[in-house]
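Dear colleague,

I am handing over the structure below, and I would be glad if you could look through it alongside the notes that follow.

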Amino acid sequence: MTDDEIRDILKSTRVIAMVGYSANPARPSHGVARYMRAQGYRVIPVNPGLAGQEIEGELVYPDLASIPETAGVDVVDIFRASEAVPGIVDEALAHLPGAATIWMQIGVVNEPAAQAARAAGKKVVMDRCPKIEHARLLP
């Protein structure tokens, strides 16, 4: 994916569903969520262990299927092991049809899931962090 493509994704995104969000400030997902919120994005946390709690004014959902379609999710950001990605992509495609992008964090790569997402018309970013890319491309 080119810098221009990533810049376009970041500019057109308003709502991010973050799968694998952690309430622990030492965890990368927590820092990424905080940064993206500070940049004006809405970050919806997804973590079954925290489901039902409210964090930074957002209800934590147990899974993508529980997020109302009216939330307007643009990007599904995945902080999970690469092996978990196919199920997450399937869930995103089934329950969040408006999500335009599947984003896999640094170290997260699953080519078959990426191909399935692309076949469904989604953009796919793998092995990158939106916080890093935002700071680099949209200073």
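Why is strand β2 (residues 42–46) largely enclosed by the rest of the structure? Four of its five residues are buried, where buried means under 20% relative accessible area, exposed over 50% and partly exposed in between, with a 1.4 Å probe and protein chains only. Please keep in mind that this is a predicted model, in which local features need pLDDT of at least 70 and side-chain atom pairs count only at pLDDT 80 or more, while totals for chains, interfaces and linings use all residues. Residues are numbered from 1 along each chain as its sequence is written, and side-chain values use heavy atoms, with hydrogens and water left out.

Strand β1 (residues 15–19) pairs with β2 in the parallel sense over five bridges, and Ile16 stands opposite Val43 in β2; pairing requires at least two DSSP bridges between the strands. Helices (H or I, at least four residues) and strands (E, at least two) are DSSP runs, numbered from the N terminus.

A search of the whole structure finds seven salt bridges, each being a side-chain nitrogen of Lys or Arg within 4 Å of a carboxyl oxygen of Asp or Glu. One of them joins Asp3 and Arg136 at 2.7 Å, N to O, and this pair links distant parts of the chain, with Asp3 in helix α1 (residues 3–12) and Arg136 in helix α5 (residues 130–137), 133 residues apart. Another joins Arg128 and Glu133 at 3.6 Å, N to O; Arg128 is partly exposed at 23%, whereas Glu133 is buried at 8% relative accessibility. Asp3, Arg128, Glu133 and Arg136 are linked in a network of salt bridges.

Best regards
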